[in-house]
Amino acid sequence: MDATTTYQHSFRVYAEDVDYMGIVYHANYLRFFERARTEMLRKNDLILSDLLKQDTLFAIYDMHIQYKAPARLDDLLTIETQVQQLGSCSFLFQQGMHNQEKKLICNAKIQVVCVNSDLKPKRFPH
């Protein structure tokens with residue numbers, strides 16, 4: 001996986017994603033970031049269902065999120081994802097979420113560890 005490449009994933013905010021004020025519920029940002037990371041892996045031929053068959057799973061080790069502005073119902077969001085560090089059994093992802101006006105909504109640094117089904121660290125299958 002190329003640590004210098006930035007991957008983009010865009011999607012629309014639906015009613016199921018927001019609270020009663022029409023603002024994206026804070027926990028949904030985690031789901032959005034997860035989807036973007038999964039799509040980035042898929043673009044690199046790393047399909048989670050295939051990795052599962054190889055006893056290769058991913059677990060979140062550390063996460064830092066900064067909420068900058070609210071995302072709202074019907075916003076078109078784009079998440080940019082980049083691998084900041086790639087270790088033998090971990091990734092450090094940098095992710096930024098922008099709305100259709102290019103306004104920064106939220107950013108995150110998320111460290112993911114590669115593990116087996118016993119939750120023991122496992123070398124990443126390159």
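Modeller: Let us look closely at strand E5, residues 104-115, which is mostly covered, since nine of its twelve residues are buried; buried means under 20% relative accessible area, exposed means over 50%, and partly exposed lies in between, with a 1.4 Å probe and protein chains only. The model is predicted, so local features need pLDDT of at least 70 and side-chain atom pairs count only at pLDDT 80 or more, while totals for chains, interfaces and linings use all residues. Residues are numbered from 1 along each chain as its sequence is written, and side-chain values use heavy atoms, with hydrogens and water left out. The names of elements come from DSSP runs, numbered from the N terminus, in which a helix (H or I) has at least four residues and a strand (E) at least two.

Strand E5 has a partner on either hand, where two strands are said to pair if DSSP finds at least two bridges between them. With strand E2, residues 57-67, E5 pairs in the antiparallel sense over ten bridges, and in this pairing leucine 57 stands opposite valine 115 of E5. With strand E4, residues 90-98, E5 is again antiparallel, over nine bridges; here glycine 96 stands opposite asparagine 107 of E5, and phenylalanine 91 has valine 112 of E5 as its bridge partner. E4 and E5 form a hairpin with five residues between the strands, in which lysine 102 takes a positive phi near 70°.

These pairings belong to an open sheet of five strands, ordered E1-E3-E4-E5-E2, with antiparallel pairing. The edge strands are E1 and E2, each of which pairs on one side only. From one strand to the next, the twist averages 25°. Helix H1 packs on this sheet and touches E1, E2, E3, E4 and E5, and its direction makes about 120° with that of E4; contact means heavy atoms within 4.5 Å, and for such angles the axes are lines fitted to C-alpha atoms, for helices over the stretch in contact, with values from 0 to 180 degrees between N-to-C directions.

H1 has 16 residues, which at 1.5 Å a residue should span 22 Å, and its end C-alpha atoms are 23 Å apart, which agrees; the expected span is 1.5 Å times one less than the number of residues. Among the buried residues of H1 are Tyr29, Phe32, Phe33 and Met40, and the buried residues of H1 pack against helix H2 (48-53) as well as E1, E2, E3, E4 and E5.

Not counting residues up to four places away in sequence, leucine 77 touches Phe11, Phe32, Met97 and Ile105, among others. In soluble globular proteins, nonpolar side chains tend to be buried together.

A search of the whole structure finds zero disulfides, a disulfide being a pair of cysteine sulfur atoms within 2.5 Å. The nearest cysteine sulfur to that of cysteine 114 belongs to cysteine 89 and is 7.1 Å away, and cysteine 114 is in no disulfide. Cysteine 106 is buried too, with a relative accessible area of 0%.

Finally, in the segment after E5 we find leucine 119, whose phi is near 65°, a positive value in a residue other than glycine. Leucine 119 counts as exposed because its relative accessibility is 62%.
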